[in-house]
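Morning, everyone. Let me put the next structure on the screen, and then I'll walk you through it.

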Amino acid sequence: MMGGDIEKTVASLQTMDLDDLRSFWRKRFGKPPALRSEPILRQLLAWRVQVQAFGGLDAQTLGALGRTGPVLAEGRQLGVGARLTRQWKGREVTVTVEEEGFRWEDRVFPSLSAAATAIAGSRWNGPRFFGLRDN
């Protein structure tokens with residue numbers, strides 16, 4: 001495939017719905033991932049199409065990525081002992097960053113989002129819930 005063909009193929013992904021994206025994946029790469037997010041599936045497909053045409057990351061980049069270490073849950077960079085507080089449904093809630101995760105009341109959660117979801121009773125992005133992010 002030539003560069004212009006790749007650009008057209010990637011651009012065509014923008015008009016596809018979820019079923020079309022999954023069908024495209026199946027024809028090109030086999031079983032598609034079990035995602036329900038069209039934007040994420042589009043990004044993955046665009047990446048795979050370009051890697052297939054131009055190659056993937058070089059050995060030096062792969063090595064550098066391998067040395068970066070594990071990804072920490074967002075909010076952990078605040079440091080052990082940091083406290084995140086907000087008003088929720090008329091009461092103040094506080095989550096404390098600990099070595100093991102995020103403590104709210106008597107429970108430790110692996111992520112700030114898991115803590116926020118437990119507090120709110122519905123799925124929440126933890127950094128957004130606690131005002132670390134605007135969106």
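**Fold, extent and one valine**

Contact here means heavy atoms within 4.5 Å.

Ground rules next. This is a predicted model, where local features need pLDDT of at least 70, side-chain atom pairs count only at pLDDT 80 or more, and totals for chains, interfaces and linings use all residues. Residues are numbered from 1 along each chain as its sequence is written, and side-chain values use heavy atoms, with hydrogens and water left out.

Now the fold. The protein chain has six helices and four strands. In sequence order the pattern is α-α-α-α-β-β-β-β-α-α. These are DSSP runs, numbered from the N terminus: helices are H or I, at least four residues, and strands are E, at least two.

Overall extent. The C-alpha atoms fill a box of roughly 60 × 35 × 25 Å along the principal axes. How much of the chain is buried? Of the 135 residues, 27% count as buried, meaning under 20% relative accessible area with a 1.4 Å probe, protein chains only.

Zoom in on valine 93. This residue lies in strand 2, residues 91–98. Valine 93 is buried, with a relative accessible area of 1%. Leaving aside residues up to four places away in sequence, valine 93 touches Leu84, Thr85, Arg86, Trp88, Trp104 and Ile119.

One last distance. Valine 93 and aspartate 20 are 73 residues apart along the chain. Their C-alpha atoms are separated by 44 Å.

Note on methods: Buried means under 20% relative accessible area, exposed over 50%, partly exposed in between (1.4 Å probe, protein chains only).
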